[in-house]
Number of protein chains: 2
Amino acid sequence: MSSCPVITISRQYGSGGRFVARKLAERLSLPFYDNEIITLAAKESGYAESMFENAEQVSSYSLLYSLSMFGSANGVYGLPLADKVFLVQSDIIKKCADTGPCVIVGRCADYILKDRPDVLNFFLYSDMPSRVKRVVKYYENTSRDVESDIRKRDKKRAAYYNYYTSSRWGELENYDLSLHTDKIGIDACVDTLELYCKAYMAQKQ
Amino acid sequence: MSSCPVITISRQYGSGGRFVARKLAERLSLPFYDNEIITLAAKESGYAESMFENAEQVSSYSLLYSLSMFGSANGVYGLPLADKVFLVQSDIIKKCADTGPCVIVGRCADYILKDRPDVLNFFLYSDMPSRVKRVVKYYENTSRDVESDIRKRDKKRAAYYNYYTSSRWGELENYDLSLHTDKIGIDACVDTLELYCKAYMAQKQ
């Protein structure tokens, strides 16, 4: 059987997607990159780790402006902060993928790795009531309006993706498989993604 | 284990989706409705079968106009032809689902059955080069520009769906699982959908 692909997982906030991703990585014995990327990126670039923590937020200036800044500056240092962070993280994501099969969550990894032939991209989502329950239970959100918090998080993820890529976050054709997590539960989602990965490897032989 | 759900499958033209749907129905020993719906609808309504053949085309007048016509007429008989066909087919699709678990392809079945609690909705798509190959091989398309034919077919499916529903064709959140068929092949797609269906039944117990 051919070797495992690099797997990227995008997910709605509170969909259980990050949890599925971690379990899938365990199941396939692959390295898992999520906050780990932030730490790696921070170490690699010499920037403070805190700078990366809110990376999935983006202001409204255009990427063209950023690129023009890029042309006139020395490496990433002339860029606005958010763009510096994106470029440093992109570099780290590419290095992770170069190192071997792994599972990478979020941060436009599907787009950043789009030119590699050995990548599978998954998207996970679910209904609002179950997302509210998960966010309250696992992220200990005590806000009065959890649903509004969730929508804001998704908007930020979408804005980040739409700003840095030429595509749209959650657009079906960006992904090889998209799953609604509620109807079958977390473990069965992991089973489904594992089956897809193994079928992909069998076909590549 | 609880009983099998009603399964609807939407698909891009040439993605192999109809073929996957038929194999899934065989695998789960379920009735399969595709052109069969047309025949059933034709028999049931007394309309000529040929009237239903091009049902997935829609003209540009608004649904509001159709509904106002509906109010002033006797049953579906005062409606424009395309809307009559849609209403008769919707009725047939609901009756199929009422009869028991089955696989239904296309014709807005996901939307028509949205109020049932026992439905799984799948969407299948693939890359243009493999769609061109399939259309040439299986539909014996000898046109000079097969790709253009495929895009036109998809546009018609999207227009039909967008006209008759309050949603958008191919919008990820309309479906429980969406699959890119190329990367794993037809049989593995059937395996994946079967796994999802069985996990759904296990969770419903």
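**α7 and α8, chain A**

I looked up how α7(A) and α8(A) sit, and they are roughly perpendicular to each other (65 to 115 degrees; axes are lines fitted to C-alpha atoms, for helices over the stretch in contact, and angles run from 0 to 180 degrees between N-to-C directions). In this predicted model, local features need pLDDT of at least 70 and side-chain atom pairs count only at pLDDT 80 or more, while totals for chains, interfaces and linings use all residues. Residues are numbered from 1 along each chain as its sequence is written, chains are lettered from A, and side-chain values use heavy atoms, without hydrogens and water.

Helix α7 spans residues 128-138 and helix α8 residues 146-164 of chain A; I noted an angle of about 95 degrees and axes 10 Å apart (helices are DSSP runs of H or I, at least four residues, numbered from the N terminus). By class, I get six nonpolar, no polar and four charged residues (Ala, Val, Leu, Ile, Met, Phe, Trp, Tyr, Cys and Pro are nonpolar, Asp, Glu, Lys and Arg charged, the others, Gly among them, polar).

**The two chains**

Next I checked the copies: a rotation of 180 degrees with 0.0 Å of shift along its axis puts chain B on chain A, RMSD 0.0 Å (least squares on C-alpha atoms of residues with pLDDT of at least 70 in both). The copies are thus related as by a two-fold rotation axis. I also saw that 100% of the interface residues of chain B are interface residues in chain A too, so the copies meet through the same surface.

Terms used:
Helix = DSSP H or I, 4+ residues; strand = E, 2+ residues; numbered from the N terminus. Parallel < 35°, antiparallel > 145°, perpendicular 65-115°, else oblique. Contact = heavy atoms within 4.5 Å.
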